[in-house]
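Every answer sets a value against its definition.

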Amino acid sequence: YKPHSKKRARVQWFVRFSEIHPSKQHLLGRKPEAQEIFWYDHPSCDSIVSVETIIGTVQVVALALDESPPAQLKHKGFFVRMSWDTKKFWPLSAELLAELGRRGDSPKSQNPVQAQTKTAESPAWTTSEHAVGRIESSHSASKSRQAAARPATPGARKRLELAGLLKTPNTRKARQTSCAASASLGIAKRKMASSTASSPSKRSSPDEAREDKSSSECRMVLRARIPVTSTTEMSLGITLTPSRRAQRPSVTPSINLTPENIKKRETKEPEAHTEEVSTPHRSQRKSSLLTLNRIKQQLRYLDCKENDEKEEEFVPGAGDSDSSSEEEEEGDVSTSALPRTSRRRQDKNLQTATQPSLQTPSKTPKKTPRAPRHATPQIRSRSLAAQEPTTVLEEARLRLHVSVVPESLPCREQEFQDIYSFVESKLLDGTGGCMYISGVPGTGKTATVHEVIRCLQQAAQTKDVPPFQYVEVNGMKLTEPHQVYVQILQKLTGQKATASHASELLAKQFCSGQAPREATVLLVDELDLLWTHKQDVLYSLFDWPTHKEARLVVLTIANTMDLPERIMMNRVSSRLVGPRHFSHGAALSGDARRCLDICRRATEICELSRQKDGTQGPVTVAHLMAAVDEMSSSSYITAIRNSSVLEQGFLRAILAEFRQSGLEEATFQQIYNQHVALCRMEGLPYPTMSETMAVCSRLGSCRLLLVEPSRNDVLLRVRLNVSQDDVLYALKEE
Amino acid sequence: ASIYSYTPNYSPYFCQVQRILRERFCHSTHGELFGVQVQYKHLIELLKRTAIHGESNSVLIIGPRGSGKTMLINHALKELMEIEVSENVLQVHLNGLLHINDKIALKEITRQLYLENVVGDKVFGSFAENLSFLLEALKKGDRTHSCPVIFVLDEFDLFAHHKNQTLLYNLFDISQSAQTPLAVIGLTCRLDILELLEKRVKSRFSHRQIHLMNSFGFPQFIKIFKEQLSLPAEFPDKVFAEKWNENVQCLSEDRSVHEVLQKHFNVNKNLRSLHMLLMVALSRITVSRPYLTSADLMEAHQLCSMDSKANIVHGLSVLEICLIIAMKHLNDIYEEEPFNFQMVYNEFQKFVQRKAHSVYNFEKPVVMKAFEHLQQLELIKPMERTSVNSQKEYQLMKLLLDNTQIMNALQKYPNCPTDVRQWATSSLSWL
């Protein structure tokens with residue numbers, strides 16, 4: 001097996017307008033021009049990429065804000081005027097402009113090369129489409145040569161610097177991860193990097209191409225998100241000058257026949273190359289042509305094989321019609337590869353991508369967007385690092401947060417021990433079993449089990465217990481009880497399946513006991529949510545461990561002690577072992593979460609009072625009491641006290657009506673009449689029915705009253721949602 | 001009077017005044033927060049801690065309708081966005097009236113967070129996939145590196161009615177574990193909100209509550225009134241703005257205005273109803289009379305506090321009025337028991353026979369028609385649902401008008417025959 005390419009290339013990132021988040025597009029404030037792209041200014045972009053991922057070069061002209069795009073751009077190439085940093089559009093900074101300019105972007109300077117190519121027998125290539133760059137071979141020898149050549153090739157458009165790193169097996173991996181990372185950024189960027197030079201050894205043979213397929217899967221994903229730049233524009237212009245011929249050997253590999261490229265349907269690049277090659281210097285490039293031909297054959301071969309798989313559509317690139325040579329046919333193909341279509345193709349044999357269009361390029365553009373197959377679940381990361389606590393109180397707050405896992409779980413030693421020894425014994429015996437753990441919310445059921453698992457995993461590392469696989473599911477995190485199978489299966493094996501299929505697979509795995517596997521510990525949190533009418537989910541959860549071969553330990557958690565008796569049928573509960581109940585001993589509430597939240601609030605109150613009077617006192621009991629009051633006090637009384645005069649009058653009328661009738665319910669009409677009577681007695685003007693109705697519905701909406709929801713109008717029935725004493729107390733206070 | 005002598009060409013400004021004030025009344029984004037400084041501080045500190053320190057939090061803002069809950073959170077978010085953290089915060093806004101189940105809510109969250117299973121405006125995947133995708137995404141994050149997400153759940157109580165409260169459980173659970181920092185802010189007008197939460201969900205909620213109770217008195221109400229009507233200093237025509245504000249100042253000291261406002265305040269303390277009142281008053285000013293007067297406010301108040309049913313009664317025909325009076329008598333006689341058309345018709349016939357000279361005797365179908373019209377106006381309401389087979393004449397009905405309403409309406413009823421009016425006061429008037 002030949003070593004893979006060792007090259008890294010430095011690239012610059014640009015972003016097309018269409019790739020900017022739609023919600024931000026308006027920030028530009030104008031319509032983008034057809035060939036306009038934006039400098040992508042984002043720290044997360046890795047400017048060093050693998051050479052293999054590069055398709056080709058493209059011409060980019062940097063412009064100041066007020067300049068208009070050069071005429072010779074025509075349809076190929078791009079110009080950049082502004083930069084985009086994911087938040088705003090900025091004009092290109094002076095130094096960036098200078099840098100881009102210096103790198104050979106001035107159209108004039110390119111003319112020589114263009115001319116050259118033009119005269120060279122590919123008439124379809126207009127001068128403007130010359131993208132181009134310099135290639136630096138990473139091989140030290142050619143590199144130095146190139147460095148020298150750089151100033152000598154005024155037409156170099158491309159800024160590509162190959163940082164010739166010798167590739168170790170590791171580097172590839174690293175590259176992959178970096179690619180994945182940038183892919184997950186979710187913004188498709190265009191890589192405008194180009195030609196590569198790789199070691200001769202890399203001259204790819206079809207075999208290698210195939211071998212590599214699997215290993216480059218990961219990069220494929222990346223590719224999928226990176227729209228292929230219009231490949232026509234990618235030509236490797238470098239070697240056009242005779243002076244560079246010496247470089248040829250190293251250029252050939254740069255054709256990138258590495259499987260990645262093929263898969264990425266970037267075959268165009270090789271094509272572009274070939275085309276270049278078929279310029280005057282063709283004769284001198286026999287070796288490379290040969291290679292190309294071989295590749296082509298391979299591609300065709302694959303094509304025949306996989307013809308049936310083609311179903312992707314291609315939109316022809318702008319300039320692909322110009323090719324006439326055989327090689328260019330392939331060029332066409334890759335040009336037409338749509339970035340969008342790549343998504344579906346990811347999973348397929350990648351070569352197919354290039355094939356279908358070779359034969360019959362179907363040109364139906366896609367209408368509906370595709371579901372991203374490999375979307376990474378991720379929240380974007382913050383640009384500003386989170387502040388670390390500076391004061392004692394902030395530090396305390398951080399530690400008091402419920403999310404912090406304490407070093408020890410006080411008062412749970414016994415429970416911990418029970419669960420630990422249960423699971424440990426099962427693991428040691430190589431048997432299975434299940435345990436039911438109950439306790440009201442916030443008593444530390446889940447925390448204890450987590451701690452047990454953590455300890456067991458440590459023990460497994462030191463070989464004290466046999467290794468085991470740990471799977472956790474939570475009934476509340478499911479949309480439907482049967483989804484539990486899907487989740488367990490996915491966490492166990494990574495497979496995706498429908499609920500019924502997953503249940504079959506799991507049953508097969510646990511009950512038929514084929515190959516000896518390592519033991520599994522399954523934690524089922526919020527068990528009661530998994531109740532179904534047939535109890536099939538609960539049954540299978542408790543049934544699996546009873547099979548000797550399953551080596552499955554199931555820990556179930558719920559907050560009702562009598563759950564097994566109450567909701568489970570006998571056949572289910574008979575399979576259950578050892579319930580373990582968590583109780584608590586606090587007076588107000590045993591909920592540890594509640595307690596922590598109160599403490600945290602107390603620190604805030606303390607901080608507030610410090611700010612107020614500038615003292616530096618510690619958190620006192622008074623602060624804690626204030627926090628408790630704040631969190632547990634009933635708001636009904638304050639609500640009544642703060643309601644308007646008419647609202648209070650209405651409540652009085654309700655009390656009067658209740659007292660009169662001896663019932664706890666009255667119709668609106670009765671209360672209204674009572675209200676009018678009260679007003680008359682006190683000599684107040686009485687409100688209209690509409691006003692009173694509004695009052696009633698307002699009180700109903702904040703649930704001081706319970707009001708019928710229907711449109712019963714004056715006949716609607718009203719009740720108090722607070723005790724009469726509370727209302728009386730609240731009204732008297734005034 | 002000196003104010004009104006100012007008559008240069010201010011019609012463009014006049015339009016602007018109306019625009020500025022209407023915007024203020026409709027969107028209620030303007031102005032200081034009244035009497036909620038403590039609550040505001042609590043909220044903004046909380047949000048800042050989430051944004052800056054990555055501390056997860058959950059809080060409920062509770063207060064009656066129109067008490068400024070949304071205004072409070074909007075103010076806080078605006079301030080938060082103004083300080084340096086603006087790019088470090090993601091916001092998700094949900095409304096219980098729109099996102100009526102967890103499936104819709106999840107799609108919306110995913111869309112607003114712009115996770116990777118979103119293409120364009122579409123969210124891909126089934127409900128179960130979306131849930132696990134979102135949870136996975138949130139789980140991956142940590143305090144120091146992930147962008148904090150602020151969830152604002154409007155009409156929070158409606159989310160508690162979702163199946164199993166899955167969404168709330170998961171949001172609160174994440175806010176209590178070392179995952180992506182979340183601030184879950186619920187807005188609700190229900191005081192019993194905590195009782196709606198399932199015990200597991202409740203246990204995961206931090207029990208922070210911010211109450212907005214309209215806890216201001218009348219003097220403050222006057223101040224609010226003044227402030228809401230005043231033109232801002234950046235108004236283009238300084239002279240006009242000054243005159244306008246001077247007028248507002250005069251109004252706020254006027255006794256009759258005080259009376260109107262006091263009446264209004266007694267009925268309803270919330271700012272939204274004040275805005276409604278001012279809006280009506282504002283629409284009464286014209287180019288030729290560009291300043292608010294106390295009369296405008298008085299009329300606006302009258303309009304606002306009008307009894308809607310009395311208004312409907314004013315538009316009824318004499319026959320329909322007669323039927324209503326007949327129903328009133330039936331209610332008096334049978335003590336609120338339901339009646340049917342036949343009973344009403346008989347009662348009406350008795351009256352017509354007594355006063356044959358003054359009231360035209362209508363055919364029965366015509367009376368029936370009038371009766372049906374009353375039903376359409378929802379002045380009467382059938383006890384049961386109308387079935388096709390039942391005889392209309394014998395369907396039991398109830399009157400949705402109160403005696404006081406009927407009498408008040410009759411007094412203002414134009415061209416009411418004296419006999420009818422007398423009949424209304426007493427069914428025995430012929431004696």
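**Salt bridges, interface and cavities**

Over all chains, the structure holds 35 salt bridges. This is a predicted model: local features need pLDDT of at least 70, side-chain atom pairs count only at pLDDT 80 or more, and totals for chains, interfaces and linings use all residues. Residues are numbered from 1 along each chain as its sequence is written, chains are lettered from A and ligands numbered from 1 in the order in which they are written, and side-chain values use heavy atoms, with hydrogens and water left out.

Q: What makes Arg49(B) and Glu604(A) a salt bridge?
A: The rule asks for a side-chain nitrogen of Lys or Arg within 4 Å of a carboxyl oxygen of Asp or Glu. Here N to O is 2.5 Å, so the pair qualifies. Across the interface of chain B and chain A the rule finds 8 salt bridges.

Q: Why are Arg19(B) and Glu23(B) separated by about one helical turn?
A: Because they are 4 residues apart in helix H1 (residues 11-27) of chain B. Helices are DSSP runs of H or I, at least four residues, numbered from the N terminus. The closest N and O atoms of Arg19(B) and Glu23(B) are 3.9 Å apart, and the two form a salt bridge. Side chains of opposite charge can pair when their charged atoms come close.

Q: How many residues of chain B are in contact with chain A?
A: Contact means heavy atoms within 4.5 Å. By that rule, 92 residues of chain B are in contact with 88 residues of chain A.

Q: What is the area buried between chain B and chain A?
A: Buried area is the accessible area (1.4 Å probe) that two parts lose on being put together, summed over both. It comes to about 7800 Å², and carbon and sulfur atoms give 51% of that. Glu116(B), Leu191(B) and Arg200(B) supply 10% of the area that chain B buries against chain A, more than any other three residues.

Q: What makes a space in this structure a cavity?
A: On a 1 Å grid over the protein atoms alone, a 1.4 Å probe fits at its points but cannot get out. A search of the whole structure finds 14 cavities of 30 Å³ or more.

Q: Which residues line the largest cavity closest to its centre?
A: Lining residues have an atom within 4 Å of a point. There are 15 here, and the closest to the centre are Asn642(A), Ser643(A), Glu647(A), Pro64(B) and Asn214(B).

How values were computed. On a 1 Å grid over the protein atoms alone, a cavity is a set of points where a 1.4 Å probe fits but cannot get out, and a pocket is an open set with protein on both sides within 12 Å along at least five of seven lines; lining residues have an atom within 4 Å of a point. Grid points are joined across faces, edges and corners, and a volume is the space filled by probe spheres set on the points. Helices (H or I, at least four residues) and strands (E, at least two) are DSSP runs, numbered from the N terminus.
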